[in-house]
Structures are given as C-alpha cells and as structure tokens.
There are 2 protein chains.
Amino acid sequence: MNSTPMSAPALPSHATPDRRVVRTRAAVLAAGRGLMTERGVRGITVEEITKRTGIAKTTIYRHWKSREGLVLAIIAEAGAEIPAPHTNVPLSDIRSVLTATWEAMVDPIRRSAFASMIDSTAANPELASLHREFLSAVGGPLADAVARAVAAGQARAGLDPEIGAELLAAPIVVRAFIRADPLDRRYIDRLMDEVLGTRPRSEHPNSVPTGARS
Amino acid sequence: MNSTPMSAPALPSHATPDRRVVRTRAAVLAAGRGLMTERGVRGITVEEITKRTGIAKTTIYRHWKSREGLVLAIIAEAGAEIPAPHTNVPLSDIRSVLTATWEAMVDPIRRSAFASMIDSTAANPELASLHREFLSAVGGPLADAVARAVAAGQARAGLDPEIGAELLAAPIVVRAFIRADPLDRRYIDRLMDEVLGTRPRSEHPNSVPTGARS
DNA sequence: TACGATCCGCTACGCTACGTAGCGTAGCGG
DNA sequence: CCGCTACGCTACGTAGCGTAGCGGATCGTA
C-alpha cells in the first residue's frame with residue numbers, strides 16, 4: 001500500500017527530497033529508457049547505464065535493489081507516456097487507442113517489454129500494483145472514450161464503459177500480442193461496430209467480425 | 001520453411017536417426033521439463049541439465065545452438081501435452097478447456113513460460129512457426145468443441161467455430177494472463193452463455209457478462 | 001559559515017551462466 | 001569390421017549481476 005518498495009524505496013516522506021537523489025534517479029531512468037528503445041528490454045544493463053551516465057553501479061543498487069526492479073520502473077514510466085486522445089469524436093478516439101495498442105503490441109521492443117513485465121509479476125507478486133497501474137494507464141483512456149461515445153449517442157445506451165473497453169481490447173490483445181498478427185484496421189472497425197452497436201446486425205446478434213470473412 | 005532450424009537442426013532427413021541422438025535429445029528435454037516445473041523458465045540452465053543428465057554442455061550446444069532455442073523446444077513440448085477433452089457434452093468440454101486455460105495462465109510457472117515464449121518470438125521471428133503450433137494446440141480443441149456444440153444444437157447455428165473460440169478465449173486470456181485475475185467460474189459461464197447464445201438475451205443483443213454485475 | 005547526515009564514486013571482488021575450441025574416444029550403421 | 005558421427009572432457013573467454021568497504025563530495029540546516 002505504501003510506495004512501491006522494490007522500485008523506489010525509502011524516501012523519507014516528510015523531508016525535502018535531496019537534489020542528488022532526484023538527479024541520479026532521473027538520469028538512470030532516462031538512460032534506461034534509451035537503452036530500451038535501442039536494444040530492447042534485455043539490453044537494459046546496469047553496467048551499460050553506468051557507462052552512459054557516469055553513475056556508479058553501487059549507487060544504482062542503492063536506489064533499486066535488483067536489476068528487475070529497475071527494469072520494471074523503466075517500463076512503468078514508459079507506459080505512463082501513452083497518449084490519451086480526447087477529441088470531440090469519441091469513436092475516432094477509440095479507434096486510435098485500439099490502433100496504437102495493436103501497433104505497440106506488434107513492435108518487438110514494446111512487445112518484449114510487456115512480456116517481461118507480465119513475467120516479472122508472475123514471480124514477484126509484490127509488483128502487482130505497478131502492473132495494475134500500467135494497465136489502467138492504457139485501459140482508462142479507452143473506457144473514458146467509450147463513456148463519451150455512449151453519452152454522445154454514438155454507442156448503444158446502457159453499455160458499461162469498463163466492460164466495453166474490455167470487450168474491445170481483449171480480441172485485439174490476443175491478435176496482436178499473443179498471435180503477433182499484423183495490424184488489421186478492418187478488423188478493428190468491425191469489432192467496434194459489433195461491441196458498440198454502431199451497426200446493430202439483427203440477423204446475427206452475437207456474430208463476430210473476422211479479418212478475412214469468406 | 002524446413003524443420004525449425006533453431007530447435008532441432010540437421011537431422012539428415014533421409015537416413016535412419018542415430019540412436020544416440022534420440023537418446024540425448026530426449027534426456028535433455030526431459031531434464032529441461034523437470035527444471036521448468038521445479039524452478040520455472042529461468043531455472044532452465046544448460047549447466048544444470050548437464051549435472052542432471054551427465055550429458056556434456058558441448059553436446060547440448062551441438063543440438064540447440066542457443067539456450068533460448070532449447071527453452072523454446074521445452075516449452076513447445078509441454079504445450080503439446082494439453083489435454084483435449086472429448087466427451088459427449090460439448091459444453092462441458094468447452095468449459096473445461098477454458099477453466100484449464102485460466103488456471104494455466106495464473107500458475108506462475110506456466111505463466112512465465114508463456115510470457116517468455118512470446119518474448120522469444122518478438123526478437124526471433126524464426127520461431128514464429130513453433131509459436132503458432134503451440135497456439136493451435138490450445139485453440140484447436142476449443143474450436144473443435146465449439147463445432148460439436150453447434151452441431152448438437154447447444155450453440156446458436158451459424159457460429160463459426162474459429163471465431164467462437166477466439167471470442168471465448170480472448171477475454172479469458174486478458175483476465176488471466178494479462179491481468180492475473182484469479183479464476184472466476186461465473187465469468188466463464190456468463191461468457192459462454194453470451195458467445196454461444198445458450199441464453200439469447202434479446203434485450204441486450206451485444207451485452208457482455210461481468211464477473212461482478214451490479 | 002560550519003557541521004552533521006547523506007549520498008556518491010571507486011576499486012576489487014565473488015558468482016553464475018552462456019557459449020566456444022580442440023582433442024581423443026566410444027558407439028553407431030552399413 | 002570400418003568409417004563416420006556423436007559424445008565427453010578440459011580449459012577458456014565473456015558478460016552481467018550483486019556486494020563490501022572506504023574516502024570524498026554534496027546537501028540541508030543551524
């Protein structure tokens with residue numbers, strides 16, 4: 001419940017934060033982010049970070065008690081950077097979130113980052129909260145856009161935004177992240193039609209869009 | 001296109017396989033499987049396998065050109081062991097596949113194995129075929145059960161088995177694998193009702209079950 | 001400005017694990 | 001029985017994690 005112990009321990013919460021601490025952490029995280037985009041998650045190395053920042057390895061271990069904690073912090077920070085589109089056209093907001101999600105999941109680097117995040121939470125339940133934060137950073141804007149679509153009458157009334165977001169995200173996550181299928185915009189459109197009820201197809205109330213319908 | 005080069009190279013396909021080769025590979029894979037269930041994927045170590053089997057490290061590297069290839073082979077083999085229930089009650093077959101999937105995804109060891117498999121295919125597209133095989137080993141029986149349900153009139157007519165399987169699996173994968181939610185049997189039931197049309201809810205044609213419906 | 005607390009850099013380790021080279025031997029199939 | 005192949009062994013080289021201990025630098029504050 002208190003601040004995530006593995007990724008950012010021990011700031012004496014009452015006092016003014018020491019400048020050196022903030023500087024060091026920022027530098028390490030920045031270098032880590034760079035390494036991640038350059039070489040992927042497995043390229044994030046404590047020793048490489050010391051080379052780039054000039055910050056001693058021992059100092060890094062004074063801030064994160066393991067490499068894994070550091071990596072998680074870097075990923076979480078990157079996840080917080082996800083854009084939350086908010087135009088006055090909710091449907092296109094939804095579409096862009098879904099598209100961005102697909103693209104992220106197919107991109108080897110972010111794909112790998114997400115996979116190792118899941119892996120970390122498997123072995124280390126302590127990190128579950130960080131994981132949840134990351135997920136809601138993505139799911140939140142989507143649910144929000146769904147809510148706006150409902151309010152604007154562009155989705156069927158009575159649709160719970162959370163559920164709608166889950167229904168939209170799940171098939172896409174499976175296709176993009178699990179199966180590594182290439183981006184299929186038509187699939188996204190059909191999925192939106194189906195879940196949001198934009199085009200209610202009375203013939204097949206529960207029918208489901210495919211990328212390649214025969 | 002030829003046999004997966006990273007995991008099992010160079011069997012001269014025409015000749016009779018050398019007994020020594022079969023024996024060695026089987027022993028290594030068996031030890032690897034044991035290590036995986038005992039210590040998880042990251043516990044699979046070439047050196048530990050040599051200790052357990054007496055097979056030299058160099059020999060192992062003659063069969064798999066990297067640790068990653070070996071790990072993938074072990075995981076793929078484990079995935080092929082998934083049971084495909086086939087009773088005369090298709091709906092309960094479906095339910096047991098979905099339940100088993102959820103349980104597998106929540107179990108730290110298999111969860112981690114699956115995550116690292118996805119991670120491997122991110123960096124190494126060469127392994128995509130192995131990955132696909134693994135997925136169809138799970139998705140196949142599910143689609144089969146859906147098809148039998150349709151044929152038996154226990155699911156709405158016209159439902160494409162492949163699509164039905166995807167619709168059933170996706171939300172469960174998201175809840176179990178991505179979000180690490182604990183097993184929720186009621187959610188599975190409601191999802192089945194919804195997708196298979198067991199209880200067609202005319203009021204909300206596209207409505208979706210929740211674990212916690214208010 | 002002075003001072004105590006804290007943070008930081010440095011050197012030097014130990015440890016695990018991957019992956020390779022080279023050589024001699026044992027077991028295989030024909 | 002013979003040639004070929006697989007195997008075991010020793011010995012390396014490399015990378016990367018994580019720790020110990022010390023002295024110096026820097027911060028916030030009196």
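Entry 1, the two chains. I began with the protein interface of this predicted model, where I found 36 residues of chain B in contact with 36 residues of chain A. Looking up which elements of chain B carry that side, I noted that α6, α7 (128-151), α8 (161-178) and α9 (185-196) each supply at least two of its residues. By class, the side of chain B that touches chain A holds 21 nonpolar, 9 polar and 6 charged residues.

I then turned to α6(B), residues 108-123, and looked up how its axis lies against that of α4(B), residues 67-79: the two axes come within 10 Å and cross at roughly 130°. The crossing in which α4(B) passes α6(B) is left-handed. I listed B:Glu68, B:Val71, B:Leu72 and B:Ile75 as the contributors from α4(B), with B:Ala113, B:Ser116, B:Met117 and B:Ser120 facing them from α6(B). This contact divides into 5 nonpolar residues, 2 polar and 1 charged.

Finally I looked up what surrounds DNA strand D and found 22 residues, of which A:Val46, A:Arg67, B:Thr24, B:Thr58 and B:Thr59 are the closest. I recorded its make-up as 9 charged, 8 polar and 5 nonpolar residues.

Key
Residues are numbered from 1 along each chain as its sequence is written. Chains are lettered from A and ligands numbered from 1 in the order in which they are written. This is a predicted model: local features need pLDDT of at least 70, side-chain atom pairs count only at pLDDT 80 or more; totals for chains, interfaces and linings use all residues. Axes are lines fitted to C-alpha atoms, for helices over the stretch in contact, and angles run from 0 to 180 degrees between N-to-C directions. Helices (H or I, at least four residues) and strands (E, at least two) are DSSP runs, numbered from the N terminus. A crossing is left-handed if the near helix is turned anticlockwise from the far one by less than a right angle, and right-handed if clockwise. Two residues are in contact if their C-beta atoms, placed from the backbone, lie within 7 Å. Ala, Val, Leu, Ile, Met, Phe, Trp, Tyr, Cys and Pro count as nonpolar, Asp, Glu, Lys and Arg as charged, and the others, Gly among them, as polar. A residue is near a molecule or strand if its C-beta atom, placed from the backbone, lies within 6 Å of it.
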